[in-house]
Every structure is written in structure tokens, then in C-alpha cells.
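Subject: Structure for your study

Dear colleague,

The findings follow directly after it.

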Amino acid sequence: MASLSDRPWRSLRWLVLAPHADDETLGAGALIAQMSAAGQFAGLVYLTDGSGSHETLINGAGRLIATRRREAATALFRLTGSRRNPPMHLNWKDAAPAASESFDFARTVVKVAALCRRLQVDAIAVTALDEPHCDHAAAAQIAYAVKGQAKRRLTIAEYRVWGEVSATRRYHSVRTRSMLIGRRRHALRSHRSQLTACYGPGFRLPKDKQRMPASDVLFIERSS
Ligand SMILES: [Zn+2]
């Protein structure tokens with residue numbers, strides 16, 4: 001399998017787009033660790049506000065959003081060793097993605113495109129287009145729409161959190177360097193609200209998902 005340290009990928013500057021807080025560690029933790037060590041990590045942006053993982057009283061959603069933001073910032077710190085560039089948030093509601101022809105979708109694409117210009121991004125890592133979760137698929141659609149608008153070359157690399165990898169010749173499979181698995185687990189443990197009962201009944205990340213590999217595999221379209 002090709003390596004992210006090979007041409008033409010080795011000098012790219014990366015933005016990671018994650019649908020939810022925890023996807024960054026599950027699907028792109030090794031990428032973030034490798035790129036931040038190399039000075040090629042531009043930033044992490046979350047699509048949703050995290051308010052849908054638990055049932056909350058009407059006024060409680062703000063607290064859950066704040067908790068998940070804090071957990072996300074800690075996870076990024078544990079992956080990169082720095083708090084200099086905290087995660088950014090696009091604040092979509094969980095599991096209610098805007099349709100690709102809607103105004104909200106277009107506005108988000110403009111926002112992410114501006115971010116890419118400002119941070120001089122060459123590549124966006126995003127959840128795979130064919131993942132079963134609607135927010136994961138929507139994040140991929142946003143990334144490809146940003147690529148469609150970009151005036152400079154932009155590479156889109158899909159990482160997979162949920163669902164099976166379907167073998168296809170459309171993509172290069174590119175592996176990141178391995179990271180210390182303990183460091184990755186430490187980052188995942190930042191997401192206490194998704195792993196424990198501390199927030200009451202709600203989403204719980206299945207145990208088998210918590211066993212993460214040491215490296216990530218990115219799927220990059222052959223044309224790019
Ligand atoms: Zn997710």
C-alpha cells in the first residue's frame with residue numbers, strides 16, 4: 001500500500017473535517033498526529049454541534065454542546081501535543097444534514113472554502129462518501145463541493161469510521177505512519193460523554209470501535 005510519505009502526498013497541508021467529536025480520533029487520529037509533527041496540519045473542523053448524542057432537556061443542549069467541544073479540544077491536544085489551534089465548529093444539528101442543493105449547504109461550502117484559502121490547505125481528509133451515517137456522507141459531499149469551487153488544487157482523502165471498505169479501483173489506498181496506540185486511546189478517552197454513562201442515557205461508542213489500529217488508511221481518488 002502507498003504511504004502518505006510518498007509523492008505526491010508527502011508535502012500536502014491538511015485540514016481534517018469530522019462530522020462528530022470522536023470521528024477525528026477514530027478515523028484520522030494517526031493522520032493528525034503525523035501531520036502535526038511534520039508541521040503540515042492546518043486544522044480540525046467539526047460539522048455538527050454534538051447536541052444529538054443524548055436526550056437533553058430543552059435548556060440542557062447548550063451544556064452538552066459545551067461538553068463535547070471541551071472533549072474535542074482535549075482529544076486534539078492529545079493527538080497533537082498543542083493547544084495552539086483549537087478545533088473549529090460549523091454547528092450543524094446532529095443527524096439532520098442540509099440537502100446538497102440547500103442554502104445552508106452552500107453557505108457551509110463557502111465557509112470551508114474560505115477556511116481552506118486562509119489556512120493554505122492542499123488536502124481535506126473527510127469521512128467516506130458511502131458511509132451509512134448521514135452526517136458522515138454529508139461531510140464528504142461538502143469536501144467535494146469545496147474542491148469543485150477551489151481555484152487551486154485540492155486533494156480530497158476519505159477516511160472510514162463506519163461501514164465496510166468496498167474494494168474499488170477508483171481510489172488510491174494510502175497509509176499514514178503508525179502512531180503509539182496508547183496515545184490514540186488516550187485521545188479517544190477525552191470523549192467521556194460518548195464512552196461512559198456520565199451524561200445519562202444516550203449514544204455509547206461500541207467496544208469494538210474502541211480498538212483502533214495504529215495507522216489510518218486514506219482513500220484518494222485516482223484523478224486527484
Ligand atoms: Zn460520527
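Contact, as used in this message, means that heavy atoms lie within 4.5 Å. This is a predicted model, in which local features need pLDDT of at least 70 and side-chain atom pairs count only at pLDDT 80 or more, while totals for chains, interfaces and linings use all residues. Residues are numbered from 1 along each chain as its sequence is written, and side-chain values use heavy atoms, with hydrogens and water left out.

Two residues

Threonine 67 belongs to helix α2, which spans residues 61-80; helices (H or I, at least four residues) and strands (E, at least two) are DSSP runs numbered from the N terminus. Setting aside residues up to four places away in sequence, threonine 67 touches Ser193 and Tyr199. Is threonine 67 buried or exposed? It counts as buried because its relative accessibility is 11%, where buried means under 20% relative accessible area, exposed over 50% and partly exposed in between (1.4 Å probe, protein chains only).

Glycine 43 is part of strand β3 and also counts as buried, because its relative accessibility is 3%. Beyond its neighbours within four places in sequence, glycine 43 is in contact with Trp14, Leu15, Val16 and Met88. Glycine 200 lies 157 residues from glycine 43 along the chain, and their C-alpha atoms are separated by 31 Å.

The sheet and its helices

Eight strands form an open sheet with mixed pairing, in the order β1-β7-β8-β6-β5-β2-β3-β4; two strands pair if DSSP finds at least two bridges between them. The edge strands, each pairing on one side only, are β1 (2-3) and β4 (88-92). β1 and β7 run parallel and are joined by two bridges, with alanine 2 opposite valine 174 in β7. Strands β7 (residues 171-175) and β8 (residues 217-221) run antiparallel, joined by five bridges, and arginine 175 stands opposite valine 217 in β8.

Helix α3 (residues 103-118) lies across β2 (14-18), β3, β4 and β5 (123-127), at about 175° to β4. For such angles, axes are lines fitted to C-alpha atoms, for helices over the stretch in contact, and the values run from 0 to 180 degrees between N-to-C directions. Helix α4 (residues 134-149) runs at about 160° to β5, and the strands it lies across include β6 (155-159), β7 and β8.

Cavity and pocket

On a 1 Å grid over the protein atoms alone, a cavity is a set of points where a 1.4 Å probe fits but cannot get out, and a pocket is an open set with protein on both sides within 12 Å along at least five of seven lines; lining residues have an atom within 4 Å of a point. Grid points are joined across faces, edges and corners, and a volume is the space filled by probe spheres set on the points.

How many cavities of 30 Å³ or more does a search of the whole structure find? The search finds one, and the largest cavity holds about 60 Å³ of space. α2 gives the most to its lining, with four residues.

The largest pocket holds about 330 Å³ of space. Its lining has 16 residues, and Leu26, Arg160, Val161, Lys209 and Pro213 lie nearest its centre. α1 (23-37) and β8 each supply at least two residues of this lining.

Yours sincerely
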